[in-house]
Amino acid sequence: MSYRVILILLIFLAALLLLVVVLQIRLYRKLKARNKVVLSQSRKIKNQNLELEKQNKELIALDYEKQQIVSVVSHDLKGPFNRIFALIQLMATSVENLTEDQKDYMGKMHQIVADGLSMIRNLLDNRRLEEQGIELSPKALNLTAFLSSLLKNYRTLAEKKKIQIHLNAPEGLMMEVDKSYLMRVVENLLSNAMKFSPPDTNINVKLVDQKDTVELIVEDEGPGISAEEQPRLFQKYQRLTPRPTGGESSTGLGLFIVKTIVEKMDGTVRCESEVGKGSKFIVVLKRAELKKDLVK
């Protein structure tokens with residue numbers, strides 16, 4: 001091989017080596033620049049995570065503060081509302097000296113206070129469910145007598161809207177159940193039925209003994225609920241198309257509380273309704289064997 005050929009090869013190898021070095025330098029610079037970008041993005045993400053963590057802590061604190069305020073305010077309002085409600089009921093027993101307008105105002109006050117008291121109870125119930133859940137204390141209960149007594153208070157309110165409440169139940173139907181929680185279920189179903197029922201209609205409350213289960217049915221002659229909206233019935237804070245017929249307020253918690261309590265009782269609740277044909281709420285509770293030492 002001649003000297004000239006060797007020289008050409010050396011020059012070619014040197015050029016090739018130089019090209020490799022240049023490419024490596026460029027690659028190194030690109031990698032370095034990319035690492036800077038990645039490092040910068042990593043720092044931004046870290047800062048964002050820290051900011052999100054801070055905001056989450058602030059939101060948790062604000063939510064806790066909001067819940068505490070709701071709880072305190074609701075609890076503090078419950079006492080005065082109960083006293084006003086009791087006074088109005090007492091005044092309603094002696095209305096002989098009142099004019100028709102005064103009687104009408106008394107009836108409206110009764111409705112407003114009952115509505116406010118129902119809202120406060122639902123707020124407190126929701127707070128209790130979120131914090132503590134439900135602890136049942138079942139005892140033997142005469143369901144027929146229990147419902148008959150409970151409906152007396154609601155009939156007075158229903159009459160203000162010209163609504164009739166009817167009870168259809170077998171005599172002395174016994175069941176082991178938590179009375180206070182069952183009361184909240186019935187109160188919410190009755191309040192809803194009254195709230196959405198127009199004047200001169202009926203609300204039918206039924207107890208059906210199915211041996212292994214007991215069905216509690218509350219049926220109204222209100223506007224009914226569309227099939228599209230029914231899946232949202234038992235969710236929190238829902239506002240459906242039907243509106244209260246007497247200007248009553250609503251927290252949107254009543255049916256959610258009903259479903260939560262009933263399911264804790266190992267029962268079910270469902271709604272059967274058509275637009276323009278009223279609504280029927282059916283609560284199915286399992287019957288346990290009564291213990292002889294339980295008191296009615």
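The model is predicted, and local features need pLDDT of at least 70, side-chain atom pairs count only at pLDDT 80 or more, and totals for chains, interfaces and linings use all residues. Residues are numbered from 1 along each chain as its sequence is written, and side-chain values use heavy atoms, with hydrogens and water left out.

The relative accessible area of S197 is 0%, so S197 is buried; buried means under 20% relative accessible area, exposed over 50%, and partly exposed in between (1.4 Å probe, protein chains only). A polar atom of the S197 side chain lies 2.5 Å from the backbone oxygen of A193. This is a polar contact, defined as a pair of N or O atoms within 3.5 Å; within protein, one must be able to donate a hydrogen and the other to accept it, and residues adjacent in sequence count only if both atoms are side-chain atoms. When residues up to four places away in sequence are not counted, S197 touches K161, I163, I203, D220, E221, G222 and T245, contact meaning heavy atoms within 4.5 Å.

E221, one of the residues touched by S197, is in the loop between β5 (213–219) and α5. With a relative accessibility of 39%, E221 is partly exposed. A polar atom of its side chain lies 3.2 Å from the backbone nitrogen of N202. Apart from residues up to four places away in sequence, E221 touches S197, P198, T201, N202 and G278. The C-alpha atoms of E221 and G276 are separated by 8.2 Å, although these residues are 55 residues apart along the chain.

S273 belongs to strand β6 (residues 268–273) and is buried at 15% relative accessibility. Its side chain reaches the backbone nitrogen of I225 at 2.8 Å and makes a polar contact with the side chain of S279 at 3.0 Å. Neighbours within four places in sequence aside, S273 is in contact with G224, I225, Q230, G278 and S279.

Eight salt bridges are present in the structure, a salt bridge being a side-chain nitrogen of Lys or Arg within 4 Å of a carboxyl oxygen of Asp or Glu. Side chains of opposite charge can pair when their charged atoms come close. One of the bridges joins K259 and E263, with the closest N and O atoms 2.6 Å apart. Both residues lie in helix α5 (residues 254–264), four residues apart, about one turn of the helix. K259 is partly exposed at 28% relative accessibility, and E263 is partly exposed at 44%. In the bridge between E272 and R270, the closest N and O atoms are 3.4 Å apart; E272 is partly exposed at 38% and R270 is partly exposed at 37%. R232 and E229 also meet through their side chains, at 3.9 Å from N to O. In this pair R232 is partly exposed, with a relative accessible area of 29%, whereas E229 is buried, at 11%.

Grid points are joined across faces, edges and corners, and a volume is the space filled by probe spheres set on the points. Two cavities of 30 Å³ or more are counted. The largest cavity holds about 70 Å³ of space and is lined by L143, F146, L147, M175, L182, V186, L207, V214, E215, L216 and L285. At least two lining residues come from each of α3, α4 and β5. The lining comprises 10 nonpolar residues, no polar residues and one charged residue; Ala, Val, Leu, Ile, Met, Phe, Trp, Tyr, Cys and Pro count as nonpolar, Asp, Glu, Lys and Arg as charged, and the others, Gly among them, as polar.

Notes: 1 Å grid on protein atoms, 1.4 Å probe; cavity = no way out; pocket = protein on both sides within 12 Å on 5 of 7 lines; lining within 4 Å.
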